[in-house]
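Thanks for coming, everyone. Please bring up the model on your screens, and I will walk you through a few spots.

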Amino acid sequence: MTEGLQGPAPEERPQPSGRRNAQGIRIDPEMEAVHDPRRTALSALVQNEPGVLAKISGLVSRRQFNIESLTVGTTTNPETSRVTLVIEEPEPGIRQVEKQLEKLVNVISVRELGDDAIRRELVVLKVHGEEPDKVNAITDMYGGETLDAGPRTITVQITGDEQKIDDAIDAFRQFGIRELARTGQTALARGEEWTTHAEEERYERTQVRQ
Amino acid sequence: MSEGQQPPRTGEPERAEPETAEATEASERPVTSGAESVARALERTDVETLFGVQGGAIMPVYDALYDSPLDHVTMAHEQGAAHAADAFGIVSGEPGICLATSGPGATNLVTGLADASMDSDPLVALTGQVPSTMVGTDAFQETDTTGVTNPVTKENYFAGDADSVGDTVGEAFALADAGRQGPTLVDLPKDITTGSTDSEPAAGTTPETYDPPERADSEAVETAAGVLARADKPVILAGGGVIKGEACAELREFATEYGIPVVTTMPAVGAFPEDHELAMEMAGMHGTGYANMAITHCDAMFAVGTRFDDRLTGGVETFAPEAEIIHADIDAAEISKNVAADYPLLGEASVVIEQVHGAMADERAADMAATGERFQEWVEQCQQWQTDYPMDYPMDEDDPLKPQFVVETVDTATDDDTIVTTGVGQHQMWAVQYWTYTEPRTWVSSHGLGTMGYGLPSAIGARFAADDDQSVVCFDGDGSFLMTLQELAVAVRENLDITVFILNNEAVGMVRQWQDSFHGGRRMASEYPWVPDFAALAEAFGARGFRMEGHDEVADVIEDALAYDGPSVVDAFIDPTEDVYPMVPSGGANGQFVLAEEQL
């Protein structure tokens with residue numbers, strides 16, 4: 001070689017035999033594996049300020065995380081809101097969403113909820129009104145409530161976990177669903193467990209003051 | 001030349017320092033408006049130089065700065081202001097500050113903010129905004145600045161009232177500097193800055209919710225130190241966080257005590273002296289062959305303050321495939337983002353290195369066979385790779401000018417603490433490959449974003465942050481220089497002693513190289529035979545212009561250009577066929593770097 005740099009060509013060099021997977025994890029040749037996506041809910045306690053939701057949704061969209069739903073609402077503390085995100089990602093992706101959220105200055109605390117967390121969503125759906133009795137029966141079966149009933153349409157609400165909502169929508173399909181709106185999950189940790197650590201700390205503080 | 005804008009420390013002759021009595025009086029003037037409060041907040045920082053461009057919505061802030069002892073440098077374009085402030089931040093370690101008006105002023109900052117964001121450079125941007133009563137009406141020169149800059153800032157603020165605006169600016173400054181540094185922005189509606197207030201801004205503090213870790217968990221440190229001590233082929237991978245976190249001394253001490261080879265990323269160039277026997281220099285796409293061999297074959301990697309960018313790792317499947325990775329970072333989100341960390345250590349770079357250093361001592365006591373001599377074989381292997389893959393270039397006297405030779409000759413002609421800034425492209429790679437960096441904060445470049453046009457404005461910012469006796473040189477390409485050359489007017493007005501070397505190959509050379517390598521030589525839109533005569537252009541601006549063609553005139557031209565006390569531009573007509581090697585093709589294996597096009 002007269003031009004350029006000197007040295008053994010690529011094929012003449014020693015090659016390591018190890019590899020990593022696409023997630024950057026060193027592959028143990030004994031048990032080569034990648035993390036499959038799983039569905040989980042993250043709860044984030046955030047400052048109740050304008051623009052915070054935009055920052056969160058912007059973060060999520062620009063990092064191309066696969067978000068299933070995102071809900072937000074205030075908490076007992078008027079200065080904070082709770083954001084619940086349902087995501088479907090492989091394990092490293094879930095940890096990334098958690099850590100990227102935590103990094104936002106307006107985010108106080110983030111935690112992944114366990115499988116036993118209480119998760120609820122709401123669907124409002126409007127079906128054709130030709131068979132009010134049957135619609136009513138299905139609504140009762142799912143513990144729903146009729147919000148509006150007219151000669152042409154009936155609108156009901158159902159609350160429950162994601163599976164129940166999916167099932168209910170399927171059941172109502174027979175009447176012809178004209179429109180529906182569903183909220184996405186909102187959730188709290190079960191029992192004594194605190195949903196985020198920050199809330200526990202604040203609760204302890206305010207209890208002492210009282 | 002505008003009086004009173006020159007900071008005393010740049011060492012230019014006959015510039016009046018701000019009169020002390022007047023300055024003191026100015027800083028004690030009562031706060032009467034939001035803009036006064038903003039100016040006061042800026043005066044509370046250690047930063048004395050601001051970069052910006054005047055305009056309608058930011059005018060009240062400039063009016064307040066009229067009475068301030070702060071030096072304002074008017075730039076030709078807001079992008080220049082952002083890059084200058086960014087470079088000021090890199091060289092000084094303190095956040096640089098830039099100002100722009102609303103609308104186009106603010107959007108012109110965006111490239112600079114994105115650049116600072118990618119490289120974690122400390123930077124504060126203050127933007128004017130239309131009065132809050134008109135926000136959302138598509139008023140004249142209105143843009144949703146916080147919306148536009150959200151993805152490219154660490155945090156941004158829309159100032160809500162005159163009483164708190166100074167505090168907000170203080171917080172933005174503190175936040176830009178704290179933890180993992182980065183750019184922050186405060187959008188200042190005109191009615192807020194003109195609004196009356198007597199509120200003195202408090203000393204800037206970071207918000208309560210921002211709590212970067214300081215010390216890594218000691219149990220994790222011990223485990224990690226054990227891994228390093230028991231390794232046969234350890235490598236330290238120093239990232240930009242080592243310089244940002246002021247951890248260079250700790251890094252040098254640690255690496256030399258145990259004899260562990262050090263590889264750097266591009267932002268970390270200068271963190272470890274490149275003339276040291278343990279220095280493998282920069283790894284990655286255009287890193288040295290030996291650095292890439294070292295990271296490919298190591299069995300333990302102590303990575304500090306790096307985000308494992310794809311230009312460093314190549315394809316992650318083949319990145320340090322046999323190494324257990326200890327990753328120290330102040331930002332938890334960097335852990336296992338691109339490359340899975342076996343042993344994460346969260347904390348400040350300087351603290352974590354010291355912690356690991358301390359724990360290694362215990363490990364060594366427990367296992368006398370470890371460290372020291374045991375790494376000797378590996379160090380020798382690394383040094384063998386330095387011999388096998390030297391960073392060298394063939395050059396006959398009759399050859400067209402070799403860019404590598406220009407870089408090496410300037411390096412020889414200047415001191416070790418000379419600051420090098422660059423644009424982006426082939427010239428940037430030659431400037432990093434063929435200059436021997438020995439000190440931190442002497443390498444100023446656009447790494448993550450790869451912003452062409454970064455060179456000249458960053459040289460201006462670096463000049464203001466540099467010591468009087470420190471030289472500032474800029475390597476730029478013809479294509480890159482064209483993008484922001486209007487800032488020459490600023491360099492001339494401020495009589496800044498900077499020397500720009502344009503490695504001119506009449507092309508956007510890196511694009512041309514890729515087209516030749518990967519697109520069958522179809523040089524679509526990459527050849528620039530229409531670039532101006534840069535030497536004449538420099539003279540038109542009032543700077544000194546030089547031309548450089550043959551190898552025999554290189555030393556003399558460099559000497560003349562460096563000797564000129566003011567801005568000078570050297571148009572160096574380099575070999576247009578010269579390409580950048582070694583190269584790891586995108587997504588390829590670092591150990592499979594190619595040395596010439598035919599190996600691709």
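Start with Asp121(B). Asp121(B) is buried, at a relative accessible area of 1%. Here buried means under 20% relative accessible area, exposed means over 50%, and partly exposed is in between, with a 1.4 Å probe and protein chains only. The model is predicted, so local features need pLDDT of at least 70, side-chain atom pairs count only at pLDDT 80 or more, and totals for chains, interfaces and linings use all residues. Side-chain values use heavy atoms, with hydrogens and water left out; residues are numbered from 1 along each chain as its sequence is written, and chains are lettered from A, ligands numbered from 1, in the order in which they are written.

What does Asp121(B) meet in a salt bridge? The partner is Lys244(B), at 3.0 Å, N to O. A salt bridge is a side-chain nitrogen of Lys or Arg within 4 Å of a carboxyl oxygen of Asp or Glu. This pair links distant parts of the chain, 123 residues apart. Asp121(B) sits in the loop between α5 (104–119) and β4 (123–129), and Lys244(B) in helix α10 (residues 240–244). Helices (H or I, at least four residues) and strands (E, at least two) are DSSP runs, numbered from the N terminus. Lys244(B) counts as partly exposed, at 21% relative accessibility.

Next pair. Glu334(B) and Arg180(B) form a salt bridge, with their closest N and O atoms 2.8 Å apart. Both lie in loops of chain B: Glu334(B) between β11 (324–329) and β12 (343–346), Arg180(B) between α7 (165–177) and β6 (183–189). They are 154 residues apart. Glu334(B) is buried, at 3%. There is also a network: salt bridges that share partners join Arg29(B), Glu36(B), Arg40(B), Glu43(B), Arg44(B) and Glu200(B).

Some of those names come back in helix α2 of chain B, residues 34–43. Among its buried residues are Glu36(B), Arg40(B) and Glu43(B).

Lys154(B) has a polar contact of 3.0 Å with the side chain of Tyr210(B). A polar contact is a pair of N or O atoms within 3.5 Å; within protein, one must be able to donate a hydrogen and the other to accept it, and residues adjacent in sequence count only if both atoms are side-chain atoms. The backbone oxygen of Leu175(B) lies 2.7 Å from a polar atom of the Lys154(B) side chain.

Over to chain A. It has five helices and nine strands. Its radius of gyration, taken over C-alpha atoms, is 25 Å, well over the 17 Å that the globule rule (2.2 Å times the number of residues to the power 0.38) gives for 210 residues. So chain A is more spread out than a compact globule. Buried residues make up 41% of the chain.

One last pair, in chain A. Arg182(A) and Glu121(A) meet in a salt bridge of 2.9 Å, N to O. Arg182(A) is in strand β8 and Glu121(A) in strand β5, 61 residues apart. Arg182(A) is partly exposed at 35%, whereas Glu121(A) is buried at 5%. Over all chains, the whole structure holds 41 salt bridges.
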